[in-house]
Amino acid sequence: MEESPLHQFELHHWIPLSIGGVDISINKAVIFMWIVIAVAAVLMIMAGSSRKLVPGKLQSLAEMMVEFIRNMILDTMGKDGMRFFPFVATLFLFILFSNYIGLIPGTYTVTSQIVVTAVFSFFVYGVSLVIGFWLHGVKYFGILVPPGTPGWLVPLMIPIEIISQIARPVSLAVRLFANMTAGHVMIAVLSGLTISGGLLIGWLPLVVSIGVYLLEFLLIAFIQAYIFTILTCVYLGDAFHLHGHEEQAH
Amino acid sequence: MPQFESTFFSSLIFWEVISFGILLFVLYKYAFPGILSALEEREKKIKDSLDQAEQHRSEAERQLKEYEAKLSAVGKEAEAILAAAKERAQRLLDENEQRLTAEAERIKGDAAREIEQERRKALQDIRTHTTELALMVAEKVVQRSLTEADQRRFADEALEALSKSHSR
């Protein structure tokens with residue numbers, strides 16, 4: 001009997017729980033969220049507690065990541081953006097560790113749940129809206145009219161920009177979810193083919209599945225975390241510097 | 001797809017928010033300050049080291065310039081001292097020469113004056129002696145009781161001879 005490649009994403013109520021009628025049962029994805037935050041917290045705290053001038057491996061790695069995120073923020077948001085450093089860095093680490101822990105066979109990829117990525121993306125987008133209206137007031141609606149748009153194009157541009165604004169959180173959520181899901185589905189399909197193909201032809205999907213796994217491990221898991229984070233920075237940065245006005249003023 | 005089964009949405013959202021919140025809190029409290037401060041410390045250390053190196057370099061440059069200036073000043077001073085010494089030696093030499101010349105001149109002048117004086121004195125002496133002699137002659141003539149005319153003639157002759165010898 002062949003197993004569905006989507007079977008790996010199925011969840012089951014392991015420990016039924018509910019608050020005020022809202023179901024908050026513990027399932028595999030929840031368990032792995034905990035594992036993700038535990039691993040991330042332990043590694044980062046260990047890295048942060050050594051604080052040597054000449055860092056060890058773990059400290060170097062953690063510092064590299066922190067530096068990486070910091071540069072991302074400084075490039076997109078400027079110095080003011082450093083207020084968001086804890087949020088952005090935690091987001092990056094959460095997604096990164098989710099992606100990597102999910103690649104260990106038998107685990108669960110938290111970020112392959114659309115609802116998980118959607119919560120992040122809509123939260124980020126919501127924060128960008130709040131910052132935008134907080135800093136610029138009604139003028140933040142100007143984000144719907146890109147600078148330099150000729151007057152007669154404005155009625156056309158506004159609907160297009162509204163769509164692009166709506167596309168921001170949706171694409172952010174779907175991109176991460178789809179990448180994670182697709183990668184895992186591909187590995188599952190190829191592994192299934194390896195088993196059903198038998199000894200004669202089974203080696204081919206095996207080799208390809210190993211290739212895909214390495215691709216996922218070396219590139220996709222990191223790149224998707226990076227893309228999610230840099231887009232977060234870009235959206236927050238847009239809210240900070242409406243049309244880059246402030247940047248030009250600096 | 002199993003991910004679109006909405007039965008799990010509520011628990012996933014709830015636990016995601018909780019987990020993320022806990023991670024954010026823990027990292028914010030215990031990890032980021034350490035890592036960021038370590039980074040900043042290192043950055044500061046590197047910057048300080050660079051600044052210090054730059055400072056040392058400029059200090060060294062300044063000292064080099066100072067030494068060079070000192071060296072050239074010393075060279076100039078030595079030259080000046082040498083020139084002064086030369087000048088002084090020349091002056092001393094000149095002075096000496098002048099002094100010697102003046103001394104010789106003076107000695108010469110003194111000698112000439114002395115000679116002149118001696119000559120005058122001698123003349124004076126001669127004159128005195130001659131007068132005495134003339135008086136003596138006159139006396140003798142007078143003693144021989146010459147005539148007045150003779151006496152006069154003798155005296156005239158004697159005076160004439162005297163003035164002749166004097167004018168010579």
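**A walk through chains A and B**

Let's start with Ser10(B), which sits in helix α1 (residues 9-143) of chain B. Helices here are DSSP runs of H or I with at least four residues, strands are runs of E with at least two, and both are numbered from the N terminus. Residues are numbered from 1 along each chain as its sequence is written, while chains are lettered from A and ligands numbered from 1 in the order in which they are written. Keep in mind that this is a predicted model: local features need pLDDT of at least 70, side-chain atom pairs count only at pLDDT 80 or more, and totals for chains, interfaces and linings use all residues.

Back to Ser10(B). It counts as partly exposed because it has 17 C-beta neighbours inside 10 Å. The cut-offs go like this: with C-beta atoms placed from the backbone, a residue is buried if 20 or more other C-beta atoms lie within 10 Å of its own, exposed if 12 or fewer, and partly exposed in between. Setting aside neighbours within four places in sequence, Ser10(B) is in contact with Val22(A), Asp23(A) and Ile24(A). A contact means that the C-beta atoms of two residues, placed from the backbone, lie within 7 Å. For a sense of scale, Ser10(B) and Gln151(B) are 141 residues apart along the chain, and their C-alpha atoms are separated by 184 Å.

For chain A the mean is 87, and 96% of its residues reach 70 or more.

Now for chain A as a whole. Its secondary structure comes to seven helices and two strands, and the order from the N terminus on is β-β-α-α-α-α-α-α-α. The C-alpha trace spans about 65 × 50 × 45 Å along its principal axes, and 35% of the 250 residues count as buried.

Helix α1 (residues 28-50) and helix α2 (residues 57-76) of chain A pack at about 105 degrees with their axes 8 Å apart; axes are lines fitted to C-alpha atoms, for helices over the stretch in contact, and angles run from 0 to 180 degrees between N-to-C directions. That makes α1(A) roughly perpendicular to α2(A), a label that covers 65 to 115 degrees. Among the residues that meet are Leu43(A) and Met44(A) from α1(A), and Leu58(A) and Gln59(A) from α2(A). The residues of this contact divide into seven nonpolar, three polar and no charged.

Next comes α3(A), with 14 of its 18 residues buried, so it is largely enclosed by the rest of the structure. Its end C-alpha atoms are 25 Å apart, which agrees with the 26 Å it should span at 1.5 Å a residue; the expected span is 1.5 Å times one less than the number of residues.

Helix α4 (residues 114-136) of chain A has buried residues too, including Phe120(A), Ser121(A) and Tyr125(A). After α4(A) comes Gly137(A), whose phi is positive, near 65 degrees.

Ser121(A) is also a partner of Leu172(A), which touches Phe228(A) and Leu231(A) as well, not counting residues up to four places away in sequence. Leu172(A) lies in helix α5 (residues 154-201) of chain A and counts as buried because it has 22 C-beta neighbours inside 10 Å.

Finally, Phe222(A) lies in helix α6 (residues 203-240) of chain A. With 15 C-beta neighbours inside 10 Å, Phe222(A) counts as partly exposed. Phe222(A) and Phe92(A) are 130 residues apart in sequence, yet their C-alpha atoms are 9.5 Å apart in space.

Terms used: pLDDT is the predictor's confidence in each residue, from 0 to 100. Angles under 35 degrees count as roughly parallel, over 145 as roughly antiparallel, 65 to 115 as roughly perpendicular and the rest as oblique. Ala, Val, Leu, Ile, Met, Phe, Trp, Tyr, Cys and Pro count as nonpolar, Asp, Glu, Lys and Arg as charged, and the others, Gly among them, as polar.
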